[in-house]
Amino acid sequence: MKKIWGLLLAVVMCISLLPAQTYAADVKEEVEVLELTVMDATEINALLSQQVSTESSSNLLRSAAPALCDCTINISFSSAGMYIGVTTGTNATASIVGAKDIKVERKSGLSWVQVGTCDGNYDTNTALFGGQTTYTSAVRGETYRVTVTHYATVSGISLSYTQTTPGLTCIY
């Protein structure tokens, strides 16, 4: 009996040493290109007053040193798709302030697949920037997240902060 188990174990070990071919799924996701439109002060204030913000850096202390603050990503779902509102603030007037490298990702198993992208937008000589866009291909039941790089130049000092929301499921 020991010889049979030994022979069986040897066969299993030999099979496990044989080269195996694995094939990755050749799935190419269509990436939607988005445009971030600049909001006026009224729209920015309305966006900042909403309590649906998924992530916020407004807890950063406002200090004398140039700093980013009030950096938010707001997401909501509707029949038009996934609305994305972005604000980037500074504690002093910035020569340039904005949001860039915006990525919309959909959860696929244990990983995230990029399905939307936007170069971003900016404003000048202000302390607060707001922009908005819509990812129109959102699917009910799918989970999405958004990554944004907030940036500004204050008194010649470049500042940036990359923020990623948690995954949110489209319920519309």
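A: Start with V146. Leaving out residues up to four places away in sequence, V146 touches I73, I75, M82, I84, I102, K103, V104, Q163, T164 and T165; contact means heavy atoms within 4.5 Å. This is a predicted model: local features need pLDDT of at least 70, side-chain atom pairs count only at pLDDT 80 or more, and totals for chains, interfaces and linings use all residues. Residues are numbered from 1 along each chain as its sequence is written, and side-chain values use heavy atoms, without hydrogens and water.

V146 is among the members of the largest nonpolar core that touch the most other members, with M82, V104, Y135 and Y144. That core has 27 residues. A nonpolar core is a set of buried Ala, Val, Leu, Ile, Met, Phe, Trp, Tyr and Cys residues joined through side-chain atoms within 4.5 Å. Two or more residues each come from β4 (68–78), β5 (81–108), β6 (111–135) and β7. Strand β5 gives the largest share, eight residues. Strands are DSSP runs of E, at least two residues, numbered from the N terminus.

Strand β7 (residues 143–154) also holds T149. T149 counts as buried because its relative accessibility is 10%; buried means under 20% relative accessible area with a 1.4 Å probe, protein chains only. Beyond four places in sequence, its contacts include G98, D101 and Y161. The T149 side chain makes a polar contact with the side chain of T162 (3.1 Å). A polar contact is a pair of N or O atoms within 3.5 Å; within protein, one must be able to donate a hydrogen and the other to accept it, and residues adjacent in sequence count only if both atoms are side-chain atoms.

Notes:
Helices (H or I, at least four residues) and strands (E, at least two) are DSSP runs, numbered from the N terminus. Buried means under 20% relative accessible area, exposed over 50%, partly exposed in between (1.4 Å probe, protein chains only).
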